[in-house]
Amino acid sequence: MGNPTITATYRLQLRGDAFTLTDAAAVADYLDDLGVSHVYLSPILTASKGSTHGYDVTDVTTVSPALGGRQALTALSEELRRRGMGLVVDLVPNHVGVANPRENAWWWDVLTHGQRSDYADFFDIDWRPDNGANGKLALPVLGSDSDLDAFTVDRTSEEPLLAFYEHRFPIAPGTDSEDARAVHEAQSYRLVPWNSGIIGYRRFFAVSDLAGIRQEDPRVFDASHRELQSWIADDLVDGVRIDHPDGLADPAGYLDRLRAMIGPDRWLVIEKILGHEEPLDDHLPIDGTTGYDALAELGGVFLDSSGAPALTALSAARTEERGDSAWLRQREPEIKREVASTMLAPEVRRLVRAILREADGDYVVEDVRDAVIAVVAAMPVYRSDYSPLAGLAHRVIGSVVAEEPRMAEPLAALASALIRGGEAATRFHQVCGAVMAKSVEDCLFYRTARLVSLQEVGGDPATVGVSPAEFHLAFAGRATRWPRAMTTLSTHDTKRGEDVRARIGVLSQVPSLWAECVDQWERIAPSPDPALGLFLWQNLFGVWPVDGRAAADVPDFRDRIHAYAEKAVREAGTRTSWNDVDEEFERDLHRWLDTVIDGAVGNALGSICTQLAPHGWSDALGQKLLQLCGPGIPDVYQGTELWEDSLVDPDNRRLVDYDVRRRALDGLDLPPVDATGAAKLHVVRTALRLRRTRPESFDTYTPVFASGSAAAHLIGFARGRSGAAQDVIALATRHSVRLSERGWGDTEFTLPEGSWTNLLTAEDVESGHVRLSSLFDRYPVALLSRTSVAELPGS
């Protein structure tokens, strides 16, 4: 294709009301100066009106007019091409937005004409008579059954509409009358209470506003990818990121079709969340995942595993829940059972009905349901039908039978369905993924609080720390098997931004100090719930300002913390929840947060945050440099080239001030490691420019080790050209708290022969034995290159 080599991406979150495709083109020069090779966009197809994220696509056939439409996309692509850069787009194949039915023409047509609609088979709708709605499409929008009396017919539009307060639904031709309830009864859909447990279509997890579509149908694939195909034909895009392929009926088959469409060379990565020991299926025609696996490795290698016992003891003392491996392994299946029996009960029931239809013999519905829930709860991955996981399902079923022999018969029905490979097998894998997401990432990760920086998408809070040996094996494997996989530290889905996680991770180095602080603060300002309190103390520590300002004086800080805490406690679901809000508890929670922010505890919290901030900065710089120089294609999430304090969405999708970043980039001159974040920007720019200038120097991977009294505090690697000498060496400091007490001393590493420059300080470094005390004199990281810094573009 002759398009630019992809060396690093920069993620932009587009918004029709604030940051459009035209705005993206306006920052192309800045991203070019930063060293990015490709701009990576959030979804750009037409989404729900006012959408701030784009994952609720309502029209798959058009570029969002709110973002500027096809013309703005073409202009952006041309601007990037002019600079030798490229474009990556985010595609959402699993679901579409249906919150406002009139915005989605396909959905509106189905509601109007039912099974006679040309699009009836586009959606994964349950039309069977036993679906709980007498074969109609059940829409969970009512508050209760009594809302049936609130129906009216709206005749203010060209066509009459069934109205329920602000909601509007179509009326099939020939079914209009003066009696609104009679009109409702005549439609192909049925409006039901949101908590009735009756859902007439596959959803994205438990989000009823997002309806699943059937990409396994070639008509659906062709219709929903026609716009992408035109971008490919016009050479507007160089790569595609696929959102949540695990929700599809046949992820592997879908990716095969997609690869055939985009061609063999365009970059293709998938949002695949791997289990703790799950390998990525190398039969898939992709370049890799979107990088949550790398995120866990990069963050983990900076954690101090020796702090785990004290953190476990603190969790046990404060919450009566240890939060360690044994506790988590017990709690995870319990929460999965809870989720499968409640918010995802409609999906489980539909799966059970499919099993019973396909089974030979008579089974009790409740027994099959219990057996299915037991297996889903025990499944350690999102879905088990990828090639490397062959045999996993039968081992899980075997373990359930061993623990609960009474389930042997209904489990035989499930096994038979999985062997048949029909509808039941498809729904089983889709349900497994939904239960995993809603129970682990969106529930358990808000309930446990031993070390919250581990509670990340794709993370494993059961294990504190990744050893250098594990880290190097993982990175060497990525260099060999998945050299073009995306790596990341922050995304629109991360629970905390990279620098927040880095600061919280420092607590693994000072667990006793942390326990003393929490004990003191809880005596002065007791939190309204011990477990949620320990969880929130760590998050407050992760975001508390350390630039000399009081937290109460930082714009939006208070509102952001209150919004985050409210979301966190509702996701946890132990004291309040989205569907059953405990207003009294939440008032207590908000009063407590204000007490902390405005009082003596806030001052004490600020003091310990300031004291430990340099160690958080050290880890943040270290993980950033290793990500940018390590195997894979590194992504820089918008704004994270400076220090960032983002929490979970929507906080991590706040607008980025690029004027501030432009000025900082223009003024870089060996900045200090301080609260301004300029040092991070310096590291990012230096690494990205080197990588873009010399992509051939990032093929091989070789671990670098030190010798001496502080050797364990070094983590780093060398990169080079295949079959040639090493060209680039990236080094970082780990466990800096203990290191600060004794220093590097005699610790050194061996630098290969040649002429080397530390690009971060512009200092020449002689080959041979290099003292780390000298190398890390200015920064806790070093980037060594055989090329003089003066030869790099823009230097």
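Visitor: At about what angle to β10 does helix α4 run?
Guide: Helices (H or I, at least four residues) and strands (E, at least two) are DSSP runs, numbered from the N terminus. Axes are lines fitted to C-alpha atoms, for helices over the stretch in contact (heavy atoms within 4.5 Å), and angles run from 0 to 180 degrees between N-to-C directions. Helix α4 (residues 105-113) lies across β9 and β10, and its angle to β10 is about 65°.

Visitor: What kind of model is this?
Guide: Residues are numbered from 1 along each chain as its sequence is written, and side-chain values use heavy atoms, without hydrogens and water. Local features need pLDDT of at least 70, side-chain atom pairs count only at pLDDT 80 or more, and totals for chains, interfaces and linings use all residues, for this is a predicted model.

Visitor: Which residue of β10 is the bridge partner of leucine 161?
Guide: Two strands pair if DSSP finds at least two bridges between them. Strand β9 (residues 161-164) pairs with β10 in the antiparallel sense over 4 bridges. In β10, leucine 161 has as its bridge partner proline 170.

Visitor: Is aspartate 238 buried or exposed?
Guide: Aspartate 238 forms a salt bridge with arginine 81 (2.9 Å, N to O); the term requires a side-chain nitrogen of Lys or Arg within 4 Å of a carboxyl oxygen of Asp or Glu. Buried means under 20% relative accessible area, exposed over 50%, partly exposed in between (1.4 Å probe, protein chains only). Arginine 81, at 25%, is partly exposed. Aspartate 238 has a relative accessible area of 6%, and therefore counts as buried.
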